[in-house]
Amino acid sequence: MTFRIALRRIGAAAGLALAVSAAPAWADETQEAKLKTAREVIDVSGAAETFDGIIPIFLDEAKRTFVRTRPELSKDFDEVIKTLQPEFEARREQLLNDVATVYAERFSDQELTDIKTFYTTPSGKKLVQILPAVLQASYEKTNAWSRQMSQDVVSRMRQEMKKRGHDI
């Protein structure tokens, strides 16, 4: 092997090693950017708002658990809640970041950008505004449908069983 060939191989190996060692840093930067976009999607879509008020619910539930057996401590628990709330609000932020990870795992960079762009349009903003009411109305329709379906199934089963001589 000539000196030039050996030098080329060493250079190629060094270049490959450099590229491989630099890849994780580049991947980290790319992943961070993707997570940032995913978090922006969560914020602009109104998804983050679904977690508003969740911390006070946990704190109040814990207070009620303790106050059942120690009602005289109710006012002290109110003060403790005021002290602890900021600490637990930080955990809400961690939850939102974890949810952003879920988005980042399931959507490409371009898809996240497209989704974010949609939510900044008038239609996207309207969706954010009325989605809770749409979901509530959908829930009510689903419940009504389910109740009717259940009644109809029972009624039809009785009819069919009666044809077979069973009165149920």
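Skip the neighbours within four places in sequence, and K63 is in contact (heavy atoms within 4.5 Å) with S74, F77, D78 and I81. This is a predicted model, where local features need pLDDT of at least 70, side-chain atom pairs count only at pLDDT 80 or more, and totals for chains, interfaces and linings use all residues. Numbering runs from 1 along each chain as its sequence is written, and side-chain values use heavy atoms, with hydrogens and water left out.

K63 sits in helix α2 (a DSSP run of H or I, at least four residues, numbered from the N terminus). K63 is buried, at a relative accessible area of 15%; buried means under 20% and exposed over 50%, with partly exposed in between, using a 1.4 Å probe on protein chains only.

Buried along with K63 in α2 are I55, L59 and V67. Looking down the axis of α2, the buried residues fall within an arc of 95° (taken from the directions from the helix axis to the C-beta atoms), so they line one face of the helix. Part of what covers them is α3 (74-106).

| Side of α2 | Residues |
|---|---|
| Buried | I55, L59, K63, V67 |
| Exposed, on the other side | I57, F58, R68, T69 |

How does the length of α2 check out? Its 16 residues (54-69) should span 22 Å at 1.5 Å a residue, and the end C-alpha atoms are 24 Å apart, which agrees. The expected span is 1.5 Å times one less than the number of residues.

Key. Helix = DSSP H or I, 4+ residues; strand = E, 2+ residues; numbered from the N terminus.
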